[in-house]
Amino acid sequence: MKVTVKLFASLRKDRFEGETREFRENTTVGAVRERLRIDKSQRLIVLVNGIHAESDHILQDGDTLAFFPPSGGG
């Protein structure tokens, strides 16, 4: 299945901004995170098709998966 993966801010360093990738059926958000070697200890905001998703969320063909580092502000 094809999933568009988008990375934002510091997650793009030495990676990519966005691209469509092939994954096996029943691939989870967590499995994609591991494949991209994003440290498990790093807190992230994760969206699938614009909706918050947990690491055990199973992706579907055509989904857009976005990873954001949390941002601070004041």
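The largest pocket is lined by Val29, Gly30, Arg33, Glu34, Lys40, Leu44, Val46, His52, Ala53, Glu54 and Ser55. A pocket here is an open set of points, on a 1 Å grid over the protein atoms alone, where a 1.4 Å probe fits, with protein on both sides within 12 Å along at least five of seven lines; lining residues have an atom within 4 Å of a point. The model is predicted: local features need pLDDT of at least 70, side-chain atom pairs count only at pLDDT 80 or more, and totals for chains, interfaces and linings use all residues. Residues are numbered from 1 along each chain as its sequence is written, and side-chain values use heavy atoms, without hydrogens and water.

The largest pocket holds about 160 Å³ of space, the volume being that filled by probe spheres set on grid points joined across faces, edges and corners. Helix H1 (residues 29-35) supplies the largest share of the lining, four residues. Helices (H or I, at least four residues) and strands (E, at least two) are DSSP runs, numbered from the N terminus. By class, the lining has four nonpolar, three polar and four charged residues.

Five strands form an open sheet in the order E2-E1-E5-E3-E4, with mixed pairing. E2 and E4 are at the edges with a single partner strand each, so one side of each has no neighbour in the sheet. Strands pair if DSSP finds at least two bridges between them. E3 (residues 45-48) and E4 run antiparallel, joined by two bridges. Valine 48 is opposite isoleucine 51 in E4.

Mean pLDDT (the predictor's confidence in each residue, from 0 to 100) is 92 for the protein chain, and 96% of the residues score at least 70.

Technical notes:
Ala, Val, Leu, Ile, Met, Phe, Trp, Tyr, Cys and Pro count as nonpolar, Asp, Glu, Lys and Arg as charged, and the others, Gly among them, as polar.
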